[in-house]
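Below is a short report on one protein model, covering its nonpolar cores, a helix pair and some backbone details.

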Amino acid sequence: MKRLRNRVFVITGVMTVLMSCASDNDNYEPIPSQGILESRIIELYGSKEALIQPLSTDFNLIPNDPNNPITEAKVALGQMLFHETGIAMNPNIDESMQMYSCASCHHAKAGFQSGILQGIGEGGNGFGINGEGRFKNPLYAESDLDVQPIRTPTTLNVAYQDVMLWNGQFGGTGTNQGTEANWTVGTPKEHNNLGFEGVETQAIAGLDVHRMTIDQDFIQNSAYKDMFDEAFPNIAVPQRYSKLNAALAVAAYERILLPNQAPFQQWLNGNENALNEQEIDGALLFFDDAKCYSCHSGPALNGMDFYGLGMKDLAGDDVLTLIDAGTKRGRGGFTNNPEDDYKFKTPQLYNLKDVTFFGHGGSFQSIEAIIRYKNNAVSENQEVPSGQISPLFTPLNLTDEDIEAITAFLENALYDSNLQRYVPEELPTGNCFPNADPMSAQDMGCD
């Protein structure tokens, strides 16, 4: 931290002068390095505002798909459908009928990702306290389970992504321009041909992939009818209560899932007491010497580029499904371009404190562990050729103190403790959620 400490020394005198002008009754004690952090962010992005997330009700400021503008009515409908176990009507085994939802693998208590190594939709039992208690139903064969062969990405901050999943396979615009030959008919990727961005495309494909059904009779004979009517008033009634519109509502809801109450967001908005000194130091390292900003940028601290960092795929006795070669190839498994092999999309960094598995293969069990991995820059996956490792993956020479500061910034300053505001108090059906199997109902007090 030598360069950072020098910068702190330079402005200390300036801050002393400013502090001398403060009122005797002013309890604010500024941290000298805050000024350096602000200057560095302005140097990188032009202003602090460039990293500020809008309020979840400022629909015009949240990135929208032009073909699916966010409205209050869509968000309200999408919030319910996202958590609704009543639409889980296409299970492989009847025992799981209406027992799972989108939120089974993307719930608020785990930062809108899964609380276990591998999220389970159909074929899971239980929830625990934060989703850590979900396990495979012993009656299920692997072929009947609904699990993914890779860590479940979060739905937080998806508004800042134009393609979705670790390999970016969902999305018919932007980053995926030029990949049309890989939008294979008969697979979920064919939905890219509808021309929506990634959030919408994944929601459309996901309803089928995760065995959901939008049944017109179910909709028209429930409170959902009025919600569809309000969300899609310009769609003719015969087409209104459709899977497509349900998915577009879910996508609108997902786009407003912003951790905009995190301390770093508060600091960006002018609350100079929001971060402590260690978190400020960690932020300085993040946006400077540690070079984290090279890949993690913008309001979500994510990126739309794909990098090979040599991390392991899902592995071990707890893995519930075969990890296929295409999944291991990352972006290359989608594009079929060898240059893209073993590259994965840069994830967002908010609300990681409630997560216990990191990396696309969940091979790290703490934020600090993955920072140390990037600091040492030694590939852990021997299957990844050295030529596919990103040139940005080089030793950072951070000290233990530096690593602890960056960990504090990521773990605490980027943690919005009130994500429960995005969760409905109850569903129109009255069903238990995010899961409705008897053990989950007991865990969550639905009985």
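## Conventions

The model is predicted, with local features requiring pLDDT of at least 70 and side-chain atom pairs counted only at pLDDT 80 or more, while totals for chains, interfaces and linings use all residues. Residue numbers start from 1 along each chain as its sequence is written, and side-chain values use heavy atoms, leaving out hydrogens and water.

## Nonpolar cores

A nonpolar core is here a set of buried Ala, Val, Leu, Ile, Met, Phe, Trp, Tyr and Cys residues joined through side-chain atoms within 4.5 Å. Buried means under 20% relative accessible area, exposed over 50%, and partly exposed in between, with a 1.4 Å probe and protein chains only. Helices (H or I, at least four residues) and strands (E, at least two) are DSSP runs numbered from the N terminus.

The largest nonpolar core contains 55 residues, and Leu77, Phe112, Tyr224 and Phe228 have the most contacts inside it. At least two residues of this core come from each of α3 (72–83), α4 (198–209), α5 (216–220), α6 (224–231) and α8 (243–255). The largest contribution is that of α8, with 8 residues. A second, separate core has 45 residues, including Leu284, Leu301, Ile403 and Ala405.

Contact means heavy atoms within 4.5 Å. Leaving aside residues up to four places away in sequence, Phe228 touches Leu77, Leu81, Ile214, Ile219, Arg240, Tyr241, Ser242, Asn245 and Ala246.

## Packing of α4 and α8

Two packed helices are described by the angle between their axes and the distance between the axes. Axes are lines fitted to C-alpha atoms, for helices over the stretch in contact, and angles run from 0 to 180 degrees between N-to-C directions. For α4 and α8, the axes come within 8 Å and cross at roughly 130°. The two helices are therefore oblique to each other; the classes are roughly parallel under 35 degrees, roughly antiparallel over 145, roughly perpendicular from 65 to 115, and oblique for the rest.

On the α4 side, Val199, Glu200, Ala203, Ile204, Leu207 and Asp208 take part; they meet α8 residues including Lys243, Leu244, Ala247, Val250 and Arg255. By class, this contact has 10 nonpolar, no polar and 5 charged residues. Ala, Val, Leu, Ile, Met, Phe, Trp, Tyr, Cys and Pro count as nonpolar, Asp, Glu, Lys and Arg as charged, and the others, Gly among them, as polar.

## Backbone geometry

Most residues other than glycine have a negative phi, and most peptide bonds are trans. Phe433 and Pro434 are joined by a cis peptide bond with omega about 5°. Pro434 is in the loop between α14 (400–413) and α15 (438–443).

Leu165 has a positive phi near 80° and is located in the loop between β2 (135–136) and α4. Asn351 has a positive phi near 55° and is located in the loop between β4 (344–345) and α13 (367–376). Leu165 counts as buried at 17% relative accessibility, and Asn351 counts as buried at 2%.

## Two buried positions

Ala249 is in helix α8 and, at 0% relative accessibility, counts as buried. Beyond four places in sequence, Ala249 touches Lys74, Leu77, Gly78 and Phe232.

Gln113 is in the loop between α3 and β1 (124–125) and counts as buried at 9% relative accessibility.
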